[in-house]
Amino acid sequence: MSRKPHVRKRYWNEPVMGWWERAYLPEILRGLAITGGVFVRNMLKWMTGRKGALTTYYPEETRWDYAAGNRGKHVLTRRPDGSPQCIACNMCATVCPAKVIEIEAAFDPSDSAHPKYPVRFEIDYSRCVFCGLCVEACPEDAIRMAKEVPDLPADDRWTMWLGKSELLDWQPQADVAKPYPPRARTGDGA
Ligand code: SF4
Ligand code: SF4
């Protein structure tokens, strides 16, 4: 059985090309002229110390106006007594699609409420895809993603491997809805 010849689908908003566009080369040259003009203009501004392109001049400039819902650097939350809220259940590491979370658990029989805790909690940011699944999976609200990404980019992948103290001690801007660290409950009759 012979196959039907392929007929390309036509879209309702497909632009109609005139003879000028169909000639190809003039439009290619026009595109190059626009791109080159913007490049030269921005380069001249940069050479004379003025701001040209709307992009951030990293690392001289650092952005802080991230969207409120931006998934940036992780922070490990603490209990009011300062101990990590994490119970080393490993759910975040299990769900992580990039397998970049490493947790080593320890057991403290004297803490009957939270006997398991992490002695080592590391994230390899050189491979993290900032999907937020670790935050979603955590049953303890022990890991969050703040909107900022301070000092994360690096030219050495080993400096992008952050440990427990760096994730615990980092103090991102206050989250009004979910204060960090949580306020100690007082006078609730408990
Ligand atoms: S944001 Fe995604 S990739 Fe990064 S540590 Fe969490 S689960 Fe893994
Ligand atoms: S951060 Fe949350 S999900 Fe990950 S090990 Fe700790 S308690 Fe479990």
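Before we start, one convention: Ala, Val, Leu, Ile, Met, Phe, Trp, Tyr, Cys and Pro count as nonpolar, Asp, Glu, Lys and Arg as charged, and the others, Gly among them, as polar. This is a predicted model, in which local features need pLDDT of at least 70 and side-chain atom pairs count only at pLDDT 80 or more, while totals for chains, interfaces and linings use all residues. Residues are numbered from 1 along each chain as its sequence is written, with chains lettered from A and ligands numbered from 1 in the order in which they are written.

**The whole chain**

Show everything as a cartoon. You will find five helices and five strands (DSSP runs numbered from the N terminus: helices are H or I with at least four residues, strands E with at least two). The radius of gyration, taken over C-alpha atoms, is 26 Å, well over the 16 Å that the globule rule gives for 190 residues, so the chain is more spread out than a compact globule. That rule is 2.2 Å times the number of residues to the power 0.38.

Now colour 18-55 as domain 1 and 74-169 as domain 2; these bounds come from an automatic or database domain assignment. Their centres, taken over C-alpha atoms, are 45 Å apart.

**Helix 2**

Select residues 25-47, which form helix 2. From first C-alpha to last, helix 2 reaches 32 Å, close to the 33 Å expected (1.5 Å times one less than its number of residues). Zero of its 23 residues are buried, so helix 2 lies largely in the open. Buried here means that 20 or more other C-beta atoms, placed from the backbone, lie within 10 Å of a residue's own. Step on to G49, which follows the helix and has a positive phi, near 75°.

Strands count as paired if DSSP finds at least two bridges between them, and two join strand 3 (residues 116-124) to strand 5. Zoom in on D124, whose bridge partner in strand 5 is W161.

**The two ligands**

Finish with the ligands, counting residues whose C-beta atom, placed from the backbone, lies within 6 Å. Around ligand 1 there are 13, the closest being C96, C128, C131, L133 and C134; twelve of the shell are nonpolar, one is polar and none is charged. Ligand 2 is surrounded by 13 residues, with C86, C89, M91, C92 and C138 the closest. Its shell has eleven nonpolar, one polar and one charged residues.

Key:
A residue is buried if 20 or more other C-beta atoms lie within 10 Å of its own, exposed if 12 or fewer, and partly exposed in between; C-beta atoms are placed from the backbone.
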